[in-house]
Amino acid sequence: MRIILNILIGIGLIFAYVKYLEYKGIYYPVKEILIYPSSVGISFKDIYITTEDNVRINGWFISNPKAKYTLLFFHGNAGNIGDRIDKLQLLYQADLNIFIISYRGFGKSQGRPSEPGFYSDAFAAYDYLLNTIGIDPDQIILYGESLGSAIAVDLAFHRKVKALILEGAFSCGRDMAVKFYPFLPRFIFSNSFDSLTKIKEINAPKLFIHSRDDEIVPFNMAKKLYDHAKGPKEFLEILGDHNSAFLSSQQSYISSISAFIRRLYSL
């Protein structure tokens, strides 16, 4: 009995350690925001909204007088919204309103990072656009980068949107975990952020953006997600590393997004 008990304790410790690795490997929040849109000449509104589970999160709403569509932007797993200024500048050139939020535990937002919490943050941001700003679902385009791609996919799975843009997207959390911890059995990881299952049910037009040079999310993982997605869908291959490919391929990046948005006018 003692041997069996020791084995069970060992298994429990291994499981707890894996859960710790998963959590620490996913979230890298930074509280201090060092740069704002106004620093690069873009006016914005500093927004606070409260989620269904009573967490106060912060975001920026950037209004563009030429905009027909509003981009609801979900950032990656590190830093906060202040680290996305370069990308916001480019996306603003596509004649879009932009609403970007810091997830719970990031930037000025309250709370502690978690997958269910991030989905709740996304719902609150979407409802804010509808109920406070007065934007129709057919005018909302979701943009998810890296970890934010899973949040955008989940929101598109549950809510009506005009389109979905995914940059540096991965198929599911278990695939990513196996990439970083190949010495551990696949079944031990939770299948978190499961975009692969959800993407099959989303009818909105989709643009996938990924670099072959991506050193964090493998290119074939994005293609796997793309292959499982319903049409209409497009795939833009760019060059550069995970965090700066949009700058390395700046011209094709912004021209392809602008062209994708123009095509939405006829859909």
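## Aromatic pairs

Phe 219 has a relative accessible area of 11% and is therefore buried, a term used for values under 20%, with exposed meaning over 50% and partly exposed in between (1.4 Å probe, protein chains only). Phe 235, at 22% relative accessibility, counts as partly exposed. Phe 219 and Phe 235 form an edge-to-face aromatic pair, with 5.5 Å from centre to centre and 75 degrees between the planes; rings of Phe, Tyr and Trp (its six-membered ring) pair if their centres lie within 6.5 Å, and planes under 30 degrees apart count as stacked, over 60 as edge-to-face and the rest as tilted. This pair links distant parts of the chain, since Phe 219 is in helix 7 (residues 219-228) and Phe 235 in strand 10 (residues 233-238), 16 residues apart. Helices (H or I, at least four residues) and strands (E, at least two) are DSSP runs, numbered from the N terminus.

The model is predicted, so local features need pLDDT of at least 70 and side-chain atom pairs count only at pLDDT 80 or more, while totals for chains, interfaces and linings use all residues. Residues are numbered from 1 along each chain as its sequence is written, and side-chain values use heavy atoms, with hydrogens and water left out.

By the ring rule, the count comes to 17 aromatic pairs. Among them, the rings of Tyr 69 and Tyr 265 have centres 5.5 Å apart and planes at 85 degrees, so this pair is edge-to-face. Tyr 69 lies in strand 4 (residues 69-74) and Tyr 265 in the segment after helix 9, so the pair ties together parts that are 196 residues apart in sequence. Tyr 69 counts as buried at 3% relative accessibility, whereas Tyr 265, at 45%, counts as partly exposed.

## Around Ile 261

Ile 261 is found in helix 9 (residues 250-264) and counts as buried at 4% relative accessibility. Leaving aside neighbours within four places in sequence, Ile 261 is in contact (heavy atoms within 4.5 Å) with Tyr 69, Ala 94, Leu 96 and Ile 141.

## Nonpolar cores

A nonpolar core is a set of buried Ala, Val, Leu, Ile, Met, Phe, Trp, Tyr and Cys residues joined through side-chain atoms within 4.5 Å. The largest has 48 residues, of which Leu 72, Phe 74, Phe 99 and Leu 142 touch the most other members. Helix 3 (residues 115-133) gives the largest share of this core, eight residues. A second, separate core of 32 residues includes Leu 90, Leu 91, Ala 94 and Phe 260.
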